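This briefing turns to charged pairs and a surface patch in the structure shown below. The points that follow are grouped by topic.

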Amino acid sequence: MQAVNNYIIVQKIKQGPKTVGGLILTEDVDVDNRYIKATAISVGNLVEGISEKDVVYYDKHAGHMVEYNNKTYYVIRQQDVVIVIWNSLQ
């Protein structure tokens, strides 16, 4: 699976459950968090500054879901990425 042009294929990084006042919030209820943390799986040929295996944060309303080999991935545009944590810094 290969991204093209300015698209990036990402896989969400599961966050641990968040608690507020003793209540456990699921991912769907976490309205305070505007950005989603993910790992770049494939990067299109026009994408600059992001490489495979980099961790990115992107707007939760961006992109669309794709299932491939029984795994869920998301296809987003480079302009939807707000933070990049380069693989060499981890």
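Asp59 has a relative accessibility of 15% and therefore counts as buried, the cut-off for that class being under 20%. The model is a predicted one, and every value quoted here is computed from that model.

**Surroundings of Asp59**

- When neighbours within four places in sequence are set aside, the residues in contact with Asp59 are Arg34, Tyr35 and Asp80.
- The side chain of Asp59 also comes to 2.9 Å from the backbone nitrogen of His61.

**Salt bridges**

- How many salt bridges does a search of the whole structure find? The search returns two, and both are described here in turn.
- In one of them, the side chains of Asp59 and Arg34 meet with an N to O distance of 3.0 Å. This pair connects distant parts of the chain, 25 residues apart, since Asp59 belongs to strand 5 (residues 55-59) whereas Arg34 lies in the loop between strand 3 (23-25) and strand 4 (35-43).
- The two partners fall into separate accessibility classes, for Asp59 is buried at 15% relative accessibility, while Arg34, with a relative accessible area of 48%, is partly exposed.
- The other salt bridge joins Arg77 to Asp80, with 3.7 Å between the closest N and O atoms; this distance qualifies because the cut-off for a salt bridge is within 4 Å.
- Here Arg77 is partly exposed, at a relative accessible area of 35%, and Asp80 is buried, at 13%.

**Nonpolar surface patch**

- Which residues form the nonpolar patch on the surface? The patch consists of Tyr35, Val82, Ile83 and Ile85, which together have about 300 Å² of accessible area.
- Strand 8 (residues 81-85) makes the greatest contribution to this nonpolar patch, supplying three residues.

Definitions and conventions: Residues are numbered from 1 along each chain as its sequence is written. This is a predicted model: local features need pLDDT of at least 70, side-chain atom pairs count only at pLDDT 80 or more; totals for chains, interfaces and linings use all residues. Side-chain values use heavy atoms; hydrogens and water are left out. Helices (H or I, at least four residues) and strands (E, at least two) are DSSP runs, numbered from the N terminus. Buried means under 20% relative accessible area, exposed over 50%, partly exposed in between (1.4 Å probe, protein chains only). Patches are made of residues with over 30% relative accessible area and no salt bridge: like charges are joined within 9 Å, nonpolar side chains (Val, Leu, Ile, Met, Phe, Trp, Tyr) within 5 Å. Accessible areas come from the Shrake-Rupley method with a 1.4 Å probe; for residues, only the protein chains shown count as cover. A polar contact is a pair of N or O atoms within 3.5 Å; within protein, one must be able to donate a hydrogen and the other to accept it, and residues adjacent in sequence count only if both atoms are side-chain atoms. Contact means heavy atoms within 4.5 Å.
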